[in-house]
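The model is shown below.

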Amino acid sequence: MYGDADLPTFFADFGVAVNFQGVASKGNFDRPVDVKLSEQGFGGAIIATPAVRMPYNAFRPMPKTGDAVTVDGMDYTVSEPTAEADGAVVCYELKKVALGCRA
Amino acid sequence: MTAPSIQSQVMAKVVATVNMPGVALAWRSRMSAFNAGELPAINVLPEEGDAEYLDTDSIDRKFTFRVRHITASVDECDAAIDPVYVAAQKLLFADPTLGGLVRFTRENSQKWEFEKGELDTVALVVTYQAEFSTTRSDPSVACG
């Protein structure tokens, strides 16, 4: 039987550093890239949709929309937090804080 | 080699007119996607052509084309694309005859498309219509 104390186990191996209000934790980061806004399937824009998944109790309080977080050394703001499945893991969609390409 | 049709010449003229190096580069019917480093950008696409027959020799044509202004920004992407739209339209309507190719060009409609992501991204699609006449036998020859 797993409990709250076991949640960090799922982020230990592949998790990246997440920092929020001076507190460090780990989360699983994804940054899928897709073509959106295409016209009849062409001429669209390549858009990345980064998100980090973390235990619901990684921070107290947890980040909310508009809060600044640092994920794997990059500064973002939280765009949209959503709970997944039983709510033990929260997915934070992320936005860049400034124009420019990801290193 | 045949001369390009008037509508094809209109496309070329529009792309050349709204191309703004340093602001937004314009493309003609670009199929490949734009990466973030290429934005803002403009993609000019043909939409449709209507034909009317008012005499025995010519075709009165209404050629509709779209100018897709695309950009990405941290926030308020509709505001971010607005200066590109304004600059492009000022260039386009500095000469609504497009160098004498058409009788006039008018703006028909606008549509915004949004996508959220790492950056907010918007396409402002402005539809224009150009009116001109060609001979019936050769769409590359203007008349009237």
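Why does Ile46(A) count as partly exposed? The model is a predicted one. Ile46(A) counts as partly exposed because its relative accessibility is 33%, and partly exposed denotes the range between the buried limit of 20% and the exposed limit of 50%. The residue lies in strand S4 of chain A, which covers residues 45-48. Together with Val33(A) and Val35(A), Ile46(A) forms a nonpolar surface patch with about 220 Å² of accessible area.

**Helices of chain B**

| Helix | Number of residues | First to last C-alpha | Expected at 1.5 Å a residue |
|---|---|---|---|
| H1(B) | 13 residues | 18 Å | 18 Å |

The buried residues of H1(B) include Val10(B), Met11(B), Val14(B) and Val18(B). Those of H2(B) include Ile81(B), Val84(B), Tyr85(B) and Ala88(B). In an α-helix there are 3.6 residues a turn, so residues three or four places apart point the same way. The buried residues of H1(B) pack against strands S1, S2, S3 and S5 and helix H2 of chain B. For H2(B), the buried residues pack against helix H1 and strands S2, S3, S4 and S5 of chain B.

**Interface between chains A and B**

At the interface, 26 residues of chain B contact 25 residues of chain A. The two chains bury about 2100 Å² between them, with 57% of it on carbon and sulfur atoms. Val74(B), Lys116(B) and Glu118(B) supply 33% of the area that chain B buries against chain A, more than any other three residues. Five salt bridges are counted between the chains. Lys116(B) also forms a salt bridge with Glu93(A), their closest N and O atoms being 3.1 Å apart.

Conventions. Residues numbered from 1 in each chain as written. Chains lettered and ligands numbered in written order. Predicted model: local features only at pLDDT ≥ 70, side-chain atom pairs only at ≥ 80, totals over all residues. Heavy atoms only, no water. Patch = residues over 30% accessible without salt bridge, like charges linked within 9 Å, V, L, I, M, F, W, Y side chains within 5 Å. Areas by Shrake-Rupley, 256 points an atom, 1.4 Å probe, with all protein chains shown as cover. Salt bridge = Lys/Arg side-chain N within 4 Å of Asp/Glu carboxyl O. Helix = DSSP H or I, 4+ residues; strand = E, 2+ residues; numbered from the N terminus. Buried < 20%, exposed > 50% of the residue type's maximum accessible area, 1.4 Å probe, protein only. Contact = heavy atoms within 4.5 Å. Expected span 1.5 Å × (residues − 1). Buried area = accessible area lost by both parts, 1.4 Å probe.
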